[in-house]
Amino acid sequence: MSAHPFTISPPETRSSNLVFSSPHSGRDYPEAFVEGSRLDRMALRASEDVLVDRLFSDAPLHGAPLIAAHLPRAWLDLNRAPSELDPALIDGVEPQGLNQRVAAGLGVIPRVVAEGAEIYNGRIGLAEARDRIQRFHEPFHGMLDRLLKDARELFGSAILFDCHSMPSEALRAAPRVRGRNPDIVLGDRFGAAASRATVAYTQAAFERAGFAVARNAPFAGGYITQRYGRPSRGIEAVQIEINRALYLDTERLVPGPDFEAVRDRIGQVIAELSRLTPEAAALAAE
């Protein structure tokens, strides 16, 4: 198990106000966690955004840092609030009103993986849950907050792209794009986390790279987008979801035959996003 909550890949020169994050691509599974789980390692990986950090690894080449988690989502979900503790899993936690994510077992310490399979044989203690949050959740978000504030100080504004992957089955609830399922879903919490112009520019960049793009359905953005997306304070946030079937062998969870081609296309998108200016965004929104 890594003692470090994340890796930062910095640019040689900070030439962009962008920050990229990959909170769910962590693949350092603690042995005690795997051995004590009802699931094997492959089943635990159902919640992992496999290789998303590698898909977006060109970010530093275009002047933007990339922060990627080490620990897996099944062990600690960095895209949940630290208060989203599950009373069905954690001893000493009292129910605090209806939270659909927590009720579904997808709190900050998940009770289930994405397929709905129970992770644990029993319950865990509140002290253990708080220890995970203190040692890994808080440092990750402390650094992400710092990266965004540094960008805003340097460039006058900052834009966070929070990068994820989605299973093809999730796209049943997505709107059709030119008669087919989208490859990319952009989430801006229906305009609360980023300006219309920024999202329009982002969508156009993905479309020029050959991706079919939808917005906010079925994913409008999670805790990270909500926490950091404050356009009135000079920080915007856009969640990016990419269809895993485009780049991944979803049975073996290894790069699929088109992995490098998709990574190259995403590199083209990052290059275009690095040229995002208010003027360019305004043109895209027209």
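**Cavity and rings**

A: By the rule used here, there is one cavity of 30 Å³ or more. On a 1 Å grid over the protein atoms alone, a cavity is a set of points where a 1.4 Å probe fits but cannot get out. This is a predicted model: local features need pLDDT of at least 70, side-chain atom pairs count only at pLDDT 80 or more, and totals for chains, interfaces and linings use all residues. Residues are numbered from 1 along each chain as its sequence is written, and side-chain values use heavy atoms, with hydrogens and water left out.

Q: What's the volume of the largest cavity?
A: About 40 Å³, taken as the space filled by probe spheres set on the points, which are joined across faces, edges and corners.

Q: And which residues line it?
A: Pro5, Ala69, His70, Leu71, Leu76, Leu78, Phe136 and Phe140, with lining meaning an atom within 4 Å of a point.

Q: Switching to rings: how many aromatic pairs are there?
A: Seven in the whole structure. Rings of Phe, Tyr and Trp (its six-membered ring) pair if their centres lie within 6.5 Å; planes under 30 degrees apart are stacked, over 60 edge-to-face, the rest tilted. One of them is Phe20 with Phe161, stacked at 5.4 Å centre to centre and 25° between the planes.

Q: Buried or exposed, that Phe20?
A: Phe20 is buried at 0% relative accessible area, where buried means under 20%, exposed over 50% and partly exposed in between (1.4 Å probe, protein chains only). Phe161 is buried at 0% too.

Conventions: 1 Å grid on protein atoms, 1.4 Å probe; cavity = no way out; pocket = protein on both sides within 12 Å on 5 of 7 lines; lining within 4 Å.
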